[in-house]
Structures are given as structure tokens and as C-alpha cells.
Amino acid sequence: MAAVDIRNVAKSFGPTDIIWDVNIAVPDGAFVVLVGPSGCGKSTLLRMIAGLEDIDRGEIAIGDRVINDVEPKHRDIAMVFQNYALYPHMTIAENMGFSLRLARQPKAEIDQRVGEAARILGLTDYLHRYPKQLSGGQRQRVAMGRAIVRQPQVFLFDEPLSNLDAKLRVQMRAELKDMHARLQTTTIYVTHDQIEAMTMADLIVVMRGGVVEQFGTPLDLYDFPANMFVGSFIGSPAMNFLEGHVRSVDGAMLFETASGTRLALDAATASLDGRAVTLGIRPEHFSLSTDGQGLTGTISSIEPTGSETFIVVNLGKDKVSVLLRQRLIAHPGDPITLTVHPQSAHLFDTTTTTRITS
């Protein structure tokens, strides 16, 4: 195992900057997820760590060794791709042990490593089968097993679950976390799915346009987003945003939109009196008012799922998404009054979109 340090790394394709001055310190043994929209540079950064893309500026170190000019096969990493890339004419055991045979490892050592990886991944009973005889999830486990047998310092995963159906992705997420808990190998995992990032990561790197927007634990990013992009990208359904001003009214701090919608704020926002801000509220932080006080609007749409109810509410000229952890018997057009705890509100600078800490 080893830490991975990415220092001032940049990458361009012609005149287009893909990665720009990225700094990430991956602790030894951590499970770090790179997440962001398509084109943000996360896969390119992973390929630079693997040695599949050249580094234009900066340096990457694994442990105490800078690897910029080290051949991929000598970096002591193992990579799992979105495509399983299994050899159809080889058995599962042969697929998993192929890299060891190329390295001329003794047969006993190969058998021992393949057997241990198969045990970890629940593939022991499938070692004599061929890839076509396995399900998609089983094939992806074989691809992971092929990486495990190499006993690398670092695992690299490039969207390995994106080809699986929703139920299988949930299962495989749990299996990947279990594998990491057993092996404790430094892991860097790329995905565009923020649910995968939240449920699997020790640390998350949120990227946009080749730049790191925020790096921290899943709950840090969820509770204290650095800017509106992180607030909207982390969390599902996405955070609501309302533009308005902070007002002091009769000694109470309020947020007020242009259409007159008002929301109570924490007293600590007193220093922001009169300032134009964007208010962020997560859908699950709304609740139904019990005393008729709060945000009054009308239901635009309603989607009951059984355990939860997702609704869209018109608040004057604004619309908000609301996720209630309860059943609600209502119809589009019905009036509704919502409350929000002041400490659940996030305030952002309307111009820079950065989070305001009052």
C-alpha cells in the first residue's frame, strides 16, 4: 500500500486545458472517489496516474517515488475498466492469473493468489467456467480479481459499474467496499454517479472543468458544500436554490425573495443584513407545517413512492423540490405550507457562487 500525491498536475489536448493545477493527497489505504459530470477530467486524471496519459506539468508520486516517467507496468498499480475485457477462450482462473503467468510467477504462487482472490470475491465455484457462462456482475468480479492477484500498491477503477443494471450496481458497491475493508489497499475510483461516491468513499474529490471544486469526506461535502456546484451535484434530489436578500425584520433575520417569499434564518446571519444571496435548501430539509406558519405555495406535481413522497411546489415565481419521509394524500393544485429549520439553510454569494460562512 502507498499514498498517492498529485501535485500541481495539468494536462492539455492542443489548446484545450483538460486538467488544471490539480492537487490531491490520497492517504495510504484510503478509498478516494473522483466524481463530476462528463468531461470534467476525472478519467483523464486516473489515466495519468496509471501512465496511460502523459503529464504536461506537475508530478504524481506513489509512496516516495515520483512516477511521471515510469512505465505503466512498473508503477505497481492495477486498473479495472468499465469494460470487463476478459479473454473469452480462457477459464476464470486463467483470466485472473494471466498477468502472473506473463510475469513468470511459479504455478503454486499463481494458484494461491487466484484462490485467495476468488474466495474474497465469491468466485471459488466458478474458476473452471468461461466468461460467457457468467452474469455481468460475476464478470466484473473476475476483472477485479485479475487486479487483486497482482497485489498492487494502488487500485484504479474507471467507472467499473456503469454497464450493470441498477440492482446489480447496489450489490457491487457493497462488494467493492467489503473488498477494500479486507485488503486495505489505496483505491482511486472514478464515477459520474454521486450516489456511488457518497456510499463508497472515505474521501470525495468533486471536479468540474478540470479543476477540483472540493475535497473532503462525503458528509463534509454534503453538510458544507464549498459552492453552489458542489451543493447541487452532491445529494439526490438536487439542492434547491432561491435568489433574494438577507433582511433584519423586528430583530429577526429573514431571507426574502423578490416575490415576497420569506424564510427564517439563524441569528448568526445578522452581519449579512441587506446582502444579496442565494439560499440553498435540500429537498429533504423541508417538512409540513404543523401550525400554518412557513412557506405557503401550491403543489405542482406529486410522486408517491410508498416510503417517501416527492413533490414540486410553486412558491410565487419560484419552484422547489421537496422530499417528505412520509405519505401525503394530495393532488396538483392543492395548497401546502412548508417549514425549514434555519440551520438547514445554506447561503451562497450570488456572484461568486461560493458558500458564505457567517
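These notebook entries record what I looked up in a predicted model.

**Entry 1: Arg113**

I began with Arg113, which I located in helix H3, residues 107-121.

**Entry 2: helix H4**

I next examined helix H4, which has 13 residues, 136-148. From its first C-alpha to its last, H4 reaches 18 Å, close to the 18 Å expected at 1.5 Å a residue. I found H4 mostly covered, with 11 of its 13 residues buried. Among these buried residues are Gln138, Arg141, Met144 and Ile148. What covers the buried residues of H4? I noted that the cover includes strand S6 (77-80), helix H2 (92-102), H3, strand S7 (154-158) and helix H5 (166-183).

**Entry 3: strand S17 and its partners**

I turned to strand S17, residues 309-315, and found six of its seven residues buried. Strand S16 (residues 295-304) runs antiparallel to S17, and six bridges join the two. In this pairing I saw Ile299 opposite Val313 of S17. The two strands form a hairpin with four residues between them, and Gly306 in the turn has a positive phi of about 105°.

I then followed S17 to strand S18, residues 318-324, which is antiparallel to S17 and joined to it by seven bridges. Here Val312 stands opposite Ser321 in S18. S17 and S18 also form a hairpin, with two residues between them. For Gly316 in that turn I noted a positive phi of about 65°.

Methods
Residues numbered from 1 in each chain as written. Predicted model: local features only at pLDDT ≥ 70, side-chain atom pairs only at ≥ 80, totals over all residues. Heavy atoms only, no water. Expected span 1.5 Å × (residues − 1). Buried < 20%, exposed > 50% of the residue type's maximum accessible area, 1.4 Å probe, protein only. Contact = heavy atoms within 4.5 Å. Pairing = 2+ DSSP bridges.
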